[in-house]
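Dear colleague,

Please find below the structure that I am handing over to you, with its sequence.

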Amino acid sequence: MIFEKRTERIIVPMFFMVALFMPLFLESNSFFVGKVTTIIILSIFVMSLDFLVGRVGLITLGHALFYGLGGYLFVILSPEYEAVNFWVYTFYICCIAALIALVIGAVVLRTRGIYFIMITLAISQMAFYYFFDSLHYGGDDGVFIFMKPETNIFGLSFLNLDDPQHFYYLALFSLFNTLVFFKVVLRSRFGRIVEATKQNPDRTEALGYNIFAFRLTCYVIGSTLGAYAGFLFALQYGFVNPSFLAWEMSGMALVMSILGGLGTIYGAILGTFTYEGLQYFFEHLTEDWLLFMGSAIILMVIVLRRGIAGYLEKLLEK
């Protein structure tokens with residue numbers, strides 16, 4: 001069974017059942033459909049970071065580099081006024097993002113601890129300032145995407161990406177696939193070795209495993225899925241700008257991962273929805289919402305030391 005814990009077998013199906021029918025109840029309110037779509041896309045990004053930090057032990061503040069690259073790669077590769085095929089360009093973007101992650105990972109993974117955090121942050125900020133100062137890519141204003149891709153497969157089109165509900169289901173389908181993919185990977189022999197490299201790297205290496213190769217593979221996987229999330233976000237709003245690559249984006253995703261339950265994978269969904277829900281609530285409550293938002297996060301971290309998923313597991317695994 002993919003989901004080992006009882007909590008996962010309860011929470012995950014419940015979430016996707018509710019999410020599946022949610023647009024039917026919000027059909028008259030396209031704003032909330034779009035808002036939930038954004039949170040689902042962010043969940044993919046946070047899940048990719050949660051995999052790296054919680055399961056591989058690679059604490060990075062530069063994950064937003066790939067989130068931004070997902071959007072910018074589409075702008076770079078696609079014609080400005082011509083609709084391209086979504087599936088083909090998803091393949092292109094993921095392959096290029098994987099190659100970039102392979103090169104960057106081969107460099108940054110030669111460092112450990114605080115040095116790894118700093119070098120990933122530095123590379124991400126270099127990319128941020130490159131696009132921020134680039135007039136060709138719109139500078140700090142970014143670039144607009146005028147034509148959304150088509151989703152034709154052998155002449156058949158099942159999704160219209162200009163339709164908010166269709167885009168919602170594409171994002172939800174992507175989130176489900178990402179979750180299942182990570183659970184399958186972690187339950188495989190590869191996943192067990194990755195877990196061992198985090199728990200006891202010296203003993204794992206003594207057993208004959210190349211821990212650098214395993215960590216590099218995981219870095220490529222997590223970064224590629226982070227780029228895919230950025231690609232979806234850029235398509236949803238029709239633009240991409242340097243803020244996608246800012247370190248604040250990485251920091252926010254890390255907070256969401258911690259709130260949800262670091263290393264639980266499905267907790268990334270809970271953490272993202274909780275964070276975004278609190279932000280929406282406090283933004284509409286007061287102008288000083290940042291004070292209340294920060295206080296709420298600090299309180300949750302103190303009370304829920306293993307995150308929301310950890311607390312639910314404590315209740316349901318008895």
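On a 1 Å grid over the protein atoms alone, a pocket is an open set of points with protein on both sides within 12 Å along at least five of seven lines, while a cavity is a set where a 1.4 Å probe fits but cannot get out; lining residues have an atom within 4 Å of a point. Grid points are joined across faces, edges and corners, and a volume is the space filled by probe spheres set on the points.

The model is predicted: local features need pLDDT of at least 70, side-chain atom pairs count only at pLDDT 80 or more, and totals for chains, interfaces and linings use all residues. Residues are numbered from 1 along each chain as its sequence is written, and side-chain values use heavy atoms, with hydrogens and water left out.

Pockets

The second largest pocket holds about 250 Å³ of space. Its lining consists of 16 residues, with G57, L58, T111, R112 and R215 nearest the centre. Helices α5 (113-133), α7 and α9 (211-237) each give at least two residues to this lining; helices are DSSP runs of H or I with at least four residues, numbered from the N terminus. By class, the lining of the second largest pocket has eight nonpolar, four polar and four charged residues (Ala, Val, Leu, Ile, Met, Phe, Trp, Tyr, Cys and Pro count as nonpolar, Asp, Glu, Lys and Arg as charged, and the others, Gly among them, as polar).

For the largest pocket, the volume is about 290 Å³. Of the 17 residues that line it, E4, K5, R55, K183 and G263 lie nearest its centre. Two or more lining residues come from each of α6 (164-187), α7 (189-199) and α13. The lining of the largest pocket comprises 10 charged, four polar and three nonpolar residues.

Cavity

The whole structure was searched, and one cavity of 30 Å³ or more was found. The largest cavity has a volume of about 50 Å³ and is lined by I11, V12, F15, F16, Y266, I269 and L270. Helix α1 provides the largest share of this lining, four residues.
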